[in-house]
2 protein chains.
Amino acid sequence: MPSEFSLIARHFTRPTRHTVLGVGDDCAIVAPSAGHELLVSSDMLVAGTHFLPDTDPLRLGWKTAAVNISDIAAMGGTPRWITLALSLPAADEAWIAALAQGFSECCTAFDVDWIGGDTTRGPLNLCATVFGEAPSGQAIRRGGARPGDEVWVSGWPGLAALGLRHLLDGIPLAEDWRAICVDALERPQPRVALGQSLRGIASAMLDVSDGLAGDLGHILNASACGAVLDEAALPLGPALAACNDAARARHCLLAGGDDYELVFTAPPSQRTALQAIAAAHGVPLTRIGACTAQTGLYLRAPDGRVEALAAQGFDHFA
Amino acid sequence: MPSEFSLIARHFTRPTRHTVLGVGDDCAIVAPSAGHELLVSSDMLVAGTHFLPDTDPLRLGWKTAAVNISDIAAMGGTPRWITLALSLPAADEAWIAALAQGFSECCTAFDVDWIGGDTTRGPLNLCATVFGEAPSGQAIRRGGARPGDEVWVSGWPGLAALGLRHLLDGIPLAEDWRAICVDALERPQPRVALGQSLRGIASAMLDVSDGLAGDLGHILNASACGAVLDEAALPLGPALAACNDAARARHCLLAGGDDYELVFTAPPSQRTALQAIAAAHGVPLTRIGACTAQTGLYLRAPDGRVEALAAQGFDHFA
């Protein structure tokens, strides 16, 4: 087994592009941009809880960076720097090299400098902390939704959950969709550019990490309002095409997590701007409902019946 | 078992004093100070590797914050914000409450705002990331030592290692010193004020986390020079009084980790300034040797014989 210091030197020290001092001292040093606030988020990924123990380490590295970067995207920020602390059993160096490579590739793809971390021995655990910037006062929080605002979601939430069920339980997926669903799970693409373009337009925003209904529920709780979603408006097409099971597709879209799409609210006056943003970024934005003064989250079926949605996101201790 | 969200609300959400947005959104938001650089450090603590599984959770919480804050102290910075991500088995809430309380007490003691983190289920793992500030260009790095600079250390390194040996192996300690040594291990006091006062005076600095010889070795490697320490100058008194065993006291002082004292280098012209700083902070500063152009770390015995010191700090994979 190589030493901790040689592991760090060989795999965890990468060139930086906008950092004063990277890996190798007590602290990394960065120079925050004038006129900006700093956004900070930590995510911890545990083997068996957040990923399958046999996950390809290259993909696991990517995902560890991506889910953190997504938190910056979800506030409309620019991701800038990231640290990775990891606890490893007596792992083989090829595995560590692939993990570091995947993490680094995702950082490079989003122009994020990997500036430090910690390496220790123990049960497999990956903890990344990401730092982004947004012009002062302009980060998009979760508490700004108002009755009358419309609810939007990017992309096609649900595909990652289908990928997970396919890997875990072997549920059948159409051949053309298998890799797409597994990629949505294992190689998510944080919506960084989209998130930035929503500053000044979205009134509240989160990324869909715990499930669309659950994460929208967090927005509604923080904003002290409710929402009604239109079932007919949900972007179900791809999930349905993938699994050919309407109930499962709907469940994965509403309750599946790990998608890292953006769910946000915006006043109706922003519809045209949002169509232009969707076109500019090549990302579908779907208007799926509207906020109400009455609290609670409801789904209106095509026949007009309204049912309460359990707005429970994934809870690690439930 | 309470839910993840109620755990966060009840125990991990504390008042902040200089933060734009704390716990509760995708990211925390802070406003970096103009003219300053941001210092960032992550430390991960794993049960069985970094602390005994039956450690008092109040002390464990304190230590988790303290070892991170010490990294800011070791660069002469002002600690400002911290995140705590933790993975917990199905732990009892009283344990979690005590851990959070200890972490919060240390943060409050050093005026650090606890701004966020992550809470998940898995083997016990604590990962904190701390952010500090220093006037641009003034952080004290490890690579600035020059031949002729003198080597200094604060306080009495070795006491934490004696405390650990006492708890693990039952080595006898003098009654008056037992609590002092265990406190040094479990409730370390990062040298924040001292570190700040060394900006512009110390040419290189680290905190003693892996052992004095090992951490000084990191400074020497980064600075491309060597050093000779004088055995007679080592601040051995307290360790010797505690264990009444000269060889053990010397070993714990040179090779014991977990002390979080500061080891630094400074030109001889700074001796008077350093004496004044020691007096102002009530912290002993001991001049223990000098840097040499020849690389390597050596110890000169009172009889004049010089032996090479294995400059190995603690290596998690050795």
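Predicted model: local features only at pLDDT ≥ 70, side-chain atom pairs only at ≥ 80, totals over all residues.
**A guided look at chain A**

Visitor: What percentage of the residues of chain A count as buried?
Guide: A residue counts as buried when its relative accessible area is under 20%. Chain A has 318 residues, and the share of them that counts as buried is 59%.

Visitor: How many helices and strands are there in chain A, and what is its radius of gyration?
Guide: Chain A holds ten helices and twelve strands. For 318 residues the globule rule gives 20 Å, and the value for chain A is close to that, so the chain is as compact as a globular protein of that length. Its radius of gyration is 20 Å.

Visitor: Which domains is chain A divided into, and how far apart are their centres?
Guide: Domain 1 covers 4-135 and domain 2 covers 150-308. In contact with each other are 20 residues of domain 1 and 21 residues of domain 2. Taken over C-alpha atoms, the centres of the two domains are separated by 27 Å.

Visitor: How many positive and negative side chains does chain A have, and how far apart do the centres of the two sets lie?
Guide: Lys and Arg count as positive here, Asp and Glu as negative. Chain A has 21 positive side chains and 34 negative ones. The distance between the centres of the two sets is 4 Å.

Conventions. Residues numbered from 1 in each chain as written. Chains lettered and ligands numbered in written order. Heavy atoms only, no water. Helix = DSSP H or I, 4+ residues; strand = E, 2+ residues; numbered from the N terminus. Rg over C-alpha atoms; globule rule 2.2 N^0.38 Å. Buried < 20%, exposed > 50% of the residue type's maximum accessible area, 1.4 Å probe, protein only. Charge placed at Lys NZ, Arg CZ, Asp CG, Glu CD. Domains from an automatic or database assignment. Contact = heavy atoms within 4.5 Å.
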